[in-house]
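Me: I would like to go through a structure with you, one topic at a time. Please keep the answers plain.

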Amino acid sequence: MSKLFLTLAFGDYDRTRPLADGRVQAEGLDLNCAVMTVEEIFHRQAAHAEFDASEMSLSSYTIARSQGDERFIALPVFTTRRFFHTLAVVRADAGINKPEDLKGKRVGVPEYQMTAALWSRAALQHEFGVLPQDVEWHMERLEDMSHGGATGFKPPTGVKFQYIPKEKSISEMLLSGELDAAVPFFGGGPNFLDRSKDLSGESRVRKLFDPDTEGKRYFDHTGFFPINHGMVVRRSVYDKYPWVVLNLFRAFSAAKDMVRNRTRDLVSGYFDTGLLAGSPGQAMGRDIFPYGVKANQAILEAIAGFSHEQGLTPRKLELSELFAPQTMDL
């Protein structure tokens, strides 16, 4: 019996490479895996639905579904997680010594509706009392190449917002003093903070948080290791071949388990020599990248709630509106 041919696009991650290089096969599927930047994937999928299945911004997908866009259905496979608010940077002369000092400041953001920005604003609001309306937001991506260009993004009511001119960037505006901060900050290239030093050797831009300390504090307080991206399948594929979603889920899970087991083997020597405290079983016993709706119910409910709270969706969506029915018990 011939396998079903599917195109599948995702970023380059250790947990997905076994699928990309063929070490893990999806039962009944002949996958043509395209590994590319997520910015390209999201734009091509949201604007043109080019792939049978792909990685997708969880925030942008939630927004699209709230608008009645039914072209895709989600799998509870979450390719990336990070403490995004810890990536905030500030100008050293902006008078920002703590998160609360961001109120009234000019803050750059790559894209307002991206999941990383959703999490960053949620952390600022719920951990430090800084509302989205307290900040003047400057968005770097222009409409024609943004998630929001595909979903018809409009700034939420009450939010001070403007686009960064095409000829400028967040990095350049931080260095020139046109921005006071960026949350989250991905730009600048290698050694940006070193390159931001002035003639006296003082850095003009610095981190707002110690990322390791704040990430641990946030995790201890909330229990959340923030999800960024999920996976979607084209509705036309799902309607004709509903079994695809479980087969893809199992393949992604097998790829993740392969990498997790390999990682445990690689780090065992560090525990054996005492360079790392504890044991591999203790350190690796908890899966910090769980897949499935049940294992992630609290954090998925939080994402849906933040999206509504921040004015990106008209109501809080139910998880059953987002994920394939076969995956709700996983």
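Me: Which residues does L102 touch, not counting those up to four places away in sequence?
Reply: L102 touches V90, I96, V107, L124, D134, V135, A181, V183 and L208. Contact here means heavy atoms within 4.5 Å. This is a predicted model, in which local features need pLDDT of at least 70 and side-chain atom pairs count only at pLDDT 80 or more, while totals for chains, interfaces and linings use all residues. Residues are numbered from 1 along each chain as its sequence is written, and side-chain values use heavy atoms, with hydrogens and water left out.

Me: Is L102 buried or exposed?
Reply: L102 is buried, because its relative accessible area is 1%. Buried means under 20% relative accessible area, exposed over 50%, and partly exposed in between, with a 1.4 Å probe and protein chains only.

Me: And where is L102 placed?
Reply: L102 sits in the loop between β5 and β6. Helices (H or I, at least four residues) and strands (E, at least two) are DSSP runs, numbered from the N terminus.

Me: K103 next. Where does it lie, and what does it contact?
Reply: K103 lies in the loop between β5 (89-91) and β6. Setting aside neighbours within four places in sequence, K103 is in contact with G129, V130 and D134. K103 counts as partly exposed, because its relative accessibility is 43%. From K103 to F271 the C-alpha distance is 44 Å, at a sequence separation of 168 residues.

Me: What does W137 contact, leaving aside neighbours within four places?
Reply: W137 is in contact with V107, V109, Y112, R121, P132, V159, K160, F161, Q162 and V183.

Me: Where is V77, and is it buried or exposed?
Reply: V77 lies in strand β4, and V77 is buried, with a relative accessible area of 0%. Beyond residues up to four places away in sequence, V77 touches H229, G230, M231, F249, F252 and Y291. The C-alpha atoms of V77 and V293 are separated by 8.9 Å, although these residues are 216 apart along the chain.

Me: Change of topic: what about the backbone? Which peptide bond is cis?
Reply: The bond from V183 to P184 is cis, with omega near -15°. P184 is in the loop between β9 (181-182) and α7 (192-195). At A49, phi is near 50°, a positive value in a residue other than glycine. A49 is located in the loop between α2 and β3 (53-57), and A49 counts as buried at 17% relative accessibility.

Me: Why mention those two features?
Reply: Most residues other than glycine have a negative phi, and most peptide bonds are trans.

Me: Now the overall picture. How many helices and strands are there?
Reply: The protein has twelve helices and eleven strands. Its radius of gyration is 21 Å, close to the 20 Å that the globule rule gives for 330 residues, so the protein is as compact as a globular protein of that length. That radius is taken over C-alpha atoms, and the rule is 2.2 Å times the number of residues to the power 0.38. The C-alpha trace spans about 70 × 55 × 35 Å along its principal axes.

Me: What share of the residues counts as buried?
Reply: Of the 330 residues, 52% count as buried.
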